[in-house]
Structures are given as structure tokens and as C-alpha cells.
Amino acid sequence: MNHGALNALTAILDCDDPKTLIVAMEGIKAFLAKGQESFLNENGENTFANQLELCGGVDKIENLQMHHNHNVYEKAVKLLETFYSCEAEGADLMQMIQQPG
């Protein structure tokens, strides 16, 4: 399967324009939703979600949670919550913070 469009959308996440970022994340969301519906690998994993992670898209979306535009922030959070297990990562981080040093 060719993931060129998903890679191109990931590259767009490097820009700073909020409208462009939101459109790119909408495109990524469409890929991830279709992947969840129709493109699961033998382990039941979303192949588009795996590809996005491999091409650095998940890291870029995580970084967009710190974007100055609130709409970009919200879109990034929603993507991560919907298609990735960021709640578990957040729980692990909270445990590390709460442990006495």
C-alpha cells in the first residue's frame, strides 16, 4: 500500500499557519478513520495509524498540543485521544511526577 498522501500531510504539520494545520489534521483524521474501518493488519492494528507513527506524524501532532492557536491544540488532542493510547502515557507520566525522588 502506498502511503504517499499520508506522508505529504505529515510534512505539512511543520508549517505554522493554523488554517493549514487544521486542514492537514482533518485529512489525517480521515485516513485514520478509514484505516480503523477497513485497513487493519493481521494484529488488528490500523495500518494508517502505524504509518503515521513511522513517518513522525504522531510526534508532530503531539508537538502541536503546544501550538499558540487553541483550535490547533484541540484538533491535535482529539486526534491523539481518538486514535492513539495517549491516556496510558499520561497516566505513566503522572505516576513519575508523583513518585518521591
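Guide: K34 is partly exposed, at 39% relative accessibility (between the limits of under 20% for buried and over 50% for exposed; 1.4 Å probe, protein chains only). The model is predicted, so local features need pLDDT of at least 70 and side-chain atom pairs pLDDT 80 or more, while totals for chains, interfaces and linings use all residues. Residues are numbered from 1 along each chain as its sequence is written, and side-chain values use heavy atoms, without hydrogens and water.

K34 forms a salt bridge with E37, with 3.2 Å between the closest N and O atoms (a side-chain nitrogen of Lys or Arg within 4 Å of a carboxyl oxygen of Asp or Glu). K34 and E37 are three residues apart in helix α2 and therefore separated by about one helical turn (helices are DSSP runs of H or I, at least four residues, numbered from the N terminus). E37 is exposed, at 58%.

E26 is partly exposed, with a relative accessible area of 34%.

The axis of helix α2 (residues 18-38) comes within 7 Å of that of helix α3 (residues 47-54), and the two cross at roughly 135° (lines fitted to C-alpha atoms over the stretch in contact; angles from 0 to 180 degrees between N-to-C directions). On α2, I28, F31, L32 and G35 make the contact; on α3, F48, A49 and L52 do so (heavy atoms within 4.5 Å). The structure holds three salt bridges.
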